Amino acid sequence: MSTKDEIVKSVPQNGFVGHPKGLFTLFFTEFWERFSYYGMRAILIFFMYYELNEGGLGLDRGTANSIMAIYGSLVYMSGIIGGWIADRLLGTRRTIFYGGVFIMIGHLLLALPGGVGMLFASMAFIVIGTGLLKPNVSSVVGDIYAETDNRRDAGFSIFYMGINMGAFIAPFIVGTIGQKYSFHLGFGMAGLGMLIGLIVYKLTEKKYLGQAGLQVNNPLKPEERKRVFTRFGIAALLIIILGGIGIKTGVLTMDVFSLIITALGIIIPTVFFVVMYRSEKTTKDEKSRLLAYIPLFLSAVMFWAIQEQGATILATYADSRTQLNVGGFQLQSSWFQSLNPLFVITLAPLFATLWLKLGDKQPSTPRKFAFSLFFAGLSFLVMMIPAYLSGGETLVSPWWLVLSFFLVVIGELLLSPVGLSATTKLAPKAFAAQTMSLWFLTSAAAQAINAQLVKVYEAVSEFTYFGFLGFLSIVLGIIILILSPIISKAMRGIN
């Protein structure tokens, strides 16, 4: 019997809607983690650029949008470190717990009165914590099922529903409290959500998860530990020293830092591709598949660059350009952040049914990516209409934002689950885990680029901004559609 099967055998196999009881632990841990993250994110942009007398920090709106993009990019980049710590040092279960603790501390720091320094400190804790928790909790979901268990896909679907349910309700609770009463109280509610998630996790993990996630897959040998820790320590010290000097001398401004993150967002995935392609462990067929993956990667970056602006550009648009009093009912601008998870929850089962019915007749992976870019582009092109009709000045109907979020979610369901599946199939065997990290770097790269794009929004008209990015996405989609037969051929039998 394999180690995997031994681990699964130690996990109670039924008890949560026909699935292993461990799914209950992981479902609610991730539910509350996403509640805390998306609740905080729903009001963070407003907290940064609202004036001091409104309870905010009074930052420039363009700077606030750029910080949000940098923040999102670092969250996705940190997942690489979180995966390494779980694989080499702590195991996934312990890494998840420490990640939750870091996230909770980050939210609680935001709940305390403080300036920009407190903001950055809290962000650092949340970035580290999310990197520790997010990739590893998904890994444990896989560990509670045997390789041949046909409930695995359904289990991940239930888990994915937990993610979106937490993201859906968070803006209504955290957003309302934050905008109507106090931003700090709202951040405190986000921290409370993570605390509840940690309590659920600790109370049920031993009973429901058995041995899943306790083992360290590739532990550092005693002789390696000193060398690795020394290198990490020196690197961290150098970063702190250089950062301190840069801030003290005025060289390391927010603009310079955003450029560094943008550069990293491009350089890191490029290095991943080069190392994997040049490796002797990568076969000829795998090299062909890796080349086929490049246009898919670029497509995903373009898509996420638009989708992730729902929390920055469209969030500020909801707050400053949208009619929030509808029929005497007052909307909160943070509530619009619930639209994405709402549409995902509603439409995901329809897409799953559609692919099942189409079977072998469904579009190829490159064609699905092309179609996703069309919908992403349309989600921005429709925003040209209210920009034109209002002249960029008068308040517009909230239905324009609803339509924009709806269109981009259709694109998301064409790209996100398909991209995850394609990544596992196209990955060179010697670099399977690293290639999954590469997929998540599409979001990191997109938000790193957004750190520069969001500054343009303040410098040009809404009509020009939405139009340019919308048309760019559609043009790239057309290119991918034309190249799809070539890409499919290079995938060497992978559909």
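This is a predicted model: local features need pLDDT of at least 70, side-chain atom pairs count only at pLDDT 80 or more; totals for chains, interfaces and linings use all residues.

Reader: OK, and where is the place of Ser-299?

Author: Ser-299 sits in helix α10, which covers residues 284–307.

Reader: Does Ser-299 count as buried or exposed, and why?

Author: Ser-299 counts as buried because its relative accessibility is 0%, and the cut-off for buried is under 20%.

Reader: What share of the residues in the protein chain is buried?

Author: Buried residues are 53% of the 495 in the protein chain.

Reader: Switching topic. How many helices and strands are there?

Author: The protein chain has 17 helices and two strands. Its C-alpha trace spans about 70 × 50 × 50 Å along the principal axes.

Reader: What radius of gyration would a compact globule have, and what does the chain have?

Author: With 495 residues, a compact globule would be near 23 Å, and the protein chain has 22 Å, so the two agree.

Reader: Now the second largest pocket. How much space lies in it?

Author: About 1,700 Å³. The pocket is lined by 38 residues, and those nearest its centre are Leu-74, Val-127, Ile-239, Phe-257 and Ile-261.

Reader: Which helix gives the largest share of that lining?

Author: α8 does, with eleven residues. Helices that each supply at least two residues include α3 (61–90), α5 (116–143) and α9 (254–278).

Reader: How does the lining divide into nonpolar, polar and charged?

Author: The lining of the second largest pocket has 31 nonpolar residues, six polar and one charged.

Definitions and conventions. Residues are numbered from 1 along each chain as its sequence is written. Side-chain values use heavy atoms; hydrogens and water are left out. On a 1 Å grid over the protein atoms alone, a cavity is a set of points where a 1.4 Å probe fits but cannot get out, and a pocket is an open set with protein on both sides within 12 Å along at least five of seven lines; lining residues have an atom within 4 Å of a point. Grid points are joined across faces, edges and corners, and a volume is the space filled by probe spheres set on the points. Helices (H or I, at least four residues) and strands (E, at least two) are DSSP runs, numbered from the N terminus. Ala, Val, Leu, Ile, Met, Phe, Trp, Tyr, Cys and Pro count as nonpolar, Asp, Glu, Lys and Arg as charged, and the others, Gly among them, as polar. Buried means under 20% relative accessible area, exposed over 50%, partly exposed in between (1.4 Å probe, protein chains only). The radius of gyration is taken over C-alpha atoms; the globule rule is 2.2 Å times the number of residues to the power 0.38.
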